[in-house]
Amino acid sequence: MSASTPILVRTPVKPFYFNTSAHLLRITPQKSNTLAEFLDALRDCPEGSIFQHSFRTLQEHHFIREGFSNDFAHWTLSACNEPGLAERLASVDVREFTSVAELRGRFIQIVENFLQRAPATGTRMARETFYFCASDTVVIPTSFVAHTLHEFTEGLRGVSVHCIHHHFIEARLRLKLMSNDFSQWLHEDLGLTEAARQLNRIDIYTMTLEDVREQIIRVVERALT
Amino acid sequence: MSKLSGSWRERSPRARAHYMEPVEPQTESELAAKDSQPDNSASSVAASSPRPERRRQPRTWETPPAPVPPPLLDDYKNIVGTADIDELKFLAQEVKGRTVKMVNSTAVGGGVAEMLHQLIPLLNEVEVKTRWDVITGGNDFFEVTKAFHNALQGSDYKLTQQARDIFLMHNEQNRKRIQFSEDVVVIHDPQPAALIDARGGASQRWVWRCHIDLSNPNPEVWGFLRPFIERYDAAIFSSQSFTRQLPIPQYLFYPCIDPLSEKNKDLEDSFVQQVCDEFGIDRSRPIVTQVSRFDRAKDPVGVVQAFKQARKYVDCQLVLAGGGASDDPEGAAVLKELREAAGEDQDIIILDLPPWCALEINALQRASTLVVQKSIREGFGLTVTEALWKGKPTIAGAVGGIPNQIIHKLTGVLVHSVEGCAYQMRYLLTHPDFARQLGQNGREHVKENFLMTTNVRRWLLLCRILLSGRSK
């Protein structure tokens with residue numbers, strides 16, 4: 001479809017219910033003072049810890065544009081002074097994973113490879129302990145429901161950034177798809193496949209969540225015109 | 001002895017909210033200082049020079065301000081957004097009508113009481129019916145619990161049978177005195193920990209909220225308390241690093257600040273200016289500030305040393321605002337050392353303020369170019385939270401709960417030495433764009449994690465999780 005062709009937006013099959021998730025931080029028994037202990041803890045910690053230190057940390061630090069992609073990368077840089085390992089861990093994009101188990105496997109693989117090449121670093125004491133935490137999550141509704149694309153943009157403007165994170169970033173773990181709730185609704189219920197695809201190309205690692213919200217709104221508004 | 005010319009009521013920005021009579025100077029030196037005080041009436045403030053005359057003995061007030069009515073949740077909408085407040089209300093719906101009891105050891109003074117005064121009205125507003133009881137006890141009990149408190153944070157202590165008996169006897173007396181019929185009972189800190197003996201039906205949930213650092217406790221005292229703690233359904237700590245290994249779920253609740261409190265609410269710039277004029281601070285030059293009681297753990301002398309190093313390269317003033325020197329012999333000694341370290345340096349302004357000068361502290365933080373908290377030991381470090389909330393680039397020691405707040409070079413800078421502190425002062429004062437970005441990030445970090453509204457969210461979540469049985 002060319003850019004100049006008007007898009008006929010049909011009535012959605014079902015409305016979009018904006019929900020959000022609230023998380024309570026739990027401190028787990030796992031902690032590490034060396035990279036070797038860190039690797040062990042990565043293997044043994046609950047899935048909630050992997051989720052907390054990757055998906056959730058993006059939400060907790062949603063206002064930062066650079067230098068903070070996950071807690072593991074941050075600790076290996078700031079407490080272990082291993083920038084090479086930190087870069088590799090930071091490059092893990094949570095959007096490439098639809099299960100926490102796969103994501104855990106990727107982190108383990110990176111640390112294992114690093115320790116195989118530099119085994120002496122495994123027992124060196126870190127400057128600070130890494131405490132593995134986990135999230136207990138409760139999903140709650142919001143007052144926003146979209147029956148039309150116009151209401152959808154109003155909802156996007158009105159909800160909290162936690163809601164944006166819930167639908168746009170966390171959603172892939174629920175959907176088990178390389179996608180998000182917004183794209184799914186645009187594609188499946190409104191037939192706006194190109195807009196859905198464009199949303200999946202928004203870079204969450206170089207923008208704040210407020211920037212992400214603005215980008216989503218721009219894509220949806222373009223679909224409205 | 002002449003009265004102070006004019007009245008604070010007329011000339012103080014504080015007078016808009018409340019006013020207090022100044023403490024009359026008592027000593028000869030105070031009288032001399034009083035007689036030399038400049039007339040800071042409104043007209044003279046308006047005509048003040050860019051370099052205000054130093055006031056080495058700022059006026060203080062002998063009574064605290066009248067209490068301010070507690071805010072409503074909707075009052076926070078302008079700060080955290082309507083969506084966040086609406087989410088809290090949705091979150092509360094499933095626990096509406098459930099009952100909570102908070103128990104601690106003091107109704108006034110200290111961070112726990114202050115937090116409960118703010119939290120409980122907000123929980124009641126969303127119809128989570130929350131009561132607060134304070135345990136009673138004689139001097140013997142509070143002497144024992146004070147010793148426990150220090151021992152749990154690492155001090156040497158020999159636990160005697162007498163101390164155990166006093167602790168248990170007073171807990172038992174409070175158990176008989178207080179009704180425990182609520183759905184969730186929250187016991188704050190070690191003093192009332194043995195009240196777990198009052199545990200009722202199987203559906204009731206008991207939570208131990210530990211506000212102190214348990215990372216290195218006296219083994220005898222912890223060994224005595226631990227069996228009580230293990231009988232709770234959950235424990236809450238203020239930082240990951242403050243915890244012990246326990247067989248019950250442990251949650252992380254960061255301490256928080258209230259953005260609507262006197263210490264943190266927005267202020268008119270005219271008020272900030274008047275406070276600076278009163279204290280002899282020149283706002284046309286960079287201001288570096290540390291706010292903390294006069295305590296060696298806060299390393300105020302180290303701050304002076306860092307300032308003196310930094311000032312070789314960049315023009316600035318240092319403000320050290322604190323308290324605790326009047327009622328604490330160690331505080332008085334630290335203040336004396338600090339004054340000796342400062343010498344006759346007119347750019348080092350030391351302010352010994354009473355604890356109710358929240359508005360003035362707020363104004364000093366807002367007037368600052370940089371805020372420093374160069375602690376060498378620290379609890380959570382709420383003065384850091386306050387500075388970050390005001391968008392101030394902040395330099396702080398990497399101790400206690402401070403690394404939870406300051407992500408190095410993203411929400412502030414962490415330092416480990418006088419030299420590091422001096423370098424960061426120089427760097428941030430000469431790189432204002434970077435400093436501004438740190439300040440912006442710091443404020444957002446507080447908004448997301450360390451505000452009272454986030455604390456309400458955590459309590460509501462905990463009630464939902466505990467009462468649904470998910471924590472088991």
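1. Let's start inside chain B of this predicted model. Helix H6 (residues 111-125) and helix H18 (residues 452-467), both of chain B, have axes that come within 10 Å and cross at roughly 60°. That angle is why H6(B) counts as oblique to H18(B). As for handedness, the crossing of H6(B) with H18(B) is right-handed.

2. Which residues do the touching here? On the H6(B) side you'll find Gln118(B), Leu119(B), Leu122(B) and Leu123(B), and they meet Met452(B), Asn455(B), Val456(B) and Trp459(B) in H18(B). Sorted by class, the residues of this H6(B)–H18(B) contact come out as six nonpolar and two polar, with no charged ones.

3. Now over to the other chain. Chain B puts 31 residues in contact with 26 residues of chain A. On the chain B side, H18 turns up again: along with helix H5 (82-93), strand S6 (250-252) and helix H17 (432-449), H18 of chain B supplies at least two residues of the side that touches chain A.

4. Strand S1 (residues 16-32) of chain A is joined to S6(B) by two bridges, and the two strands run antiparallel. Which residue of S6(B) is the bridge partner of Arg26(A)? Look for Tyr251(B).

Terms used:
Residues are numbered from 1 along each chain as its sequence is written. Chains are lettered from A and ligands numbered from 1 in the order in which they are written. This is a predicted model: local features need pLDDT of at least 70, side-chain atom pairs count only at pLDDT 80 or more; totals for chains, interfaces and linings use all residues. Axes are lines fitted to C-alpha atoms, for helices over the stretch in contact, and angles run from 0 to 180 degrees between N-to-C directions. Helices (H or I, at least four residues) and strands (E, at least two) are DSSP runs, numbered from the N terminus. Angles under 35 degrees count as roughly parallel, over 145 as roughly antiparallel, 65 to 115 as roughly perpendicular and the rest as oblique. A crossing is left-handed if the near helix is turned anticlockwise from the far one by less than a right angle, and right-handed if clockwise. Two residues are in contact if their C-beta atoms, placed from the backbone, lie within 7 Å. Ala, Val, Leu, Ile, Met, Phe, Trp, Tyr, Cys and Pro count as nonpolar, Asp, Glu, Lys and Arg as charged, and the others, Gly among them, as polar. Two strands pair if DSSP finds at least two bridges between them.
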